[in-house]
Amino acid sequence: DPSLPARGVLALACIGVIFGLWTWGAGGDDGNYLVPPPIDVLGSLPKLFNERDLVSNIFISLRRVILGFGLAVCLAVPLGIFAASFRVVNAFFAPIITFFRNTPMATLVPLTMVFFSLSEKQKVVFIFLATFAFVLSDTIASVMTIPQRYIETAETVGANRRQIILKVLTPLALPDITTSIRFLFGLGFGYIILAEMLDLTSGGLGAMIIVSQRRANYDEMYMIVFVIVVL
């Protein structure tokens, strides 16, 4: 296996190859680049800050994700721990999890628009619905993978069901739950971009991408994508 420095060098080499091919393959007629060179993409950043109010739009998107995803986490994590601790509860919620995990999330956008129109509440509710089942199922899976010996040991020293849930299952499952939440936050961020692309009047990074695309400002469009990845 390559050492850590070697892996870093290989990663940098990969990035260098990608940007080299990008620079070589970029071009267009009369400077109208469909795929602008990297230097033009980077050069669009000051314009995004000064003329397109990038910072405000970043906070608009983050606020929507934090509210919707935060609500999903606050409800789904305790519910998931409870469901994993009681098989009857787990069986009860199984159809809901299966339904939402297999529903194309793009279909939830028009459904939420029916009830909330193009409002802030619609975007928050959409993020909640799009991520709730994933947080719930991942929480259940994190708890159910805990080896049975920990529960048996706790029972041996006289722990009741409540103590086992709060002092054994929850602490042991928390690292996996946290890792899942971190990845699902990225999923939620992708979903809010989708919702914002349908509502150009309320701001956000998704709306900025569509506006840049319609104005043929492709360098700005690519730069916004990089900003999303960094966030």
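Asp 53 counts as partly exposed, because its relative accessibility is 40% (under 20% is buried, over 50% exposed, and in between partly exposed, with a 1.4 Å probe and protein chains only). Before I go on, this is a predicted model, where local features need pLDDT of at least 70 and side-chain atom pairs need 80 or more, while totals for chains, interfaces and linings use all residues. Residues are numbered from 1 along each chain as its sequence is written, and side-chain values use heavy atoms, without hydrogens or water.

Back to Asp 53. You will find Asp 53 in the loop between helix H3 (45-50) and H4 (helices are DSSP runs of H or I with at least four residues, strands are runs of E with at least two, and both are numbered from the N terminus).

Look for Ala 216 in the loop between helix H10 (205-214) and H11. With a relative accessibility of 33%, Ala 216 counts as partly exposed.

Now the confidence. Across the protein chain the mean pLDDT is 88 (the predictor's confidence in each residue, from 0 to 100), and 97% of the residues reach 70 or more. Where is confidence lowest in the protein chain? That is strand E1, residues 27-29, with a mean of 58. Confidence is highest in H4, where the mean is 93.

Next, the aromatic rings. There are ten aromatic pairs (rings of Phe, Tyr and Trp, the last by its six-membered ring, with centres within 6.5 Å; planes under 30 degrees apart are stacked, over 60 edge-to-face, the rest tilted). I will show two of these pairs. In one, Trp 22 and Tyr 222 have ring centres 6.2 Å apart and planes at 40°, so the pair is tilted. Trp 22 belongs to helix H1 (residues 4-25) and Tyr 222 to helix H11 (residues 218-230), so this pair ties together parts that are 200 residues apart in sequence.

Phe 126 sits in helix H7 and Tyr 191 in helix H9, so the pair ties together parts that are 65 residues apart in sequence. Phe 126 and Tyr 191 are both buried.

Last, Val 88. Val 88 lies in helix H5, which covers residues 87-101. Its relative accessible area is 69%, so Val 88 is exposed. How far apart are the C-alpha atoms of Val 88 and Gln 148? They are separated by 18 Å, and the two residues are 60 residues apart along the chain.
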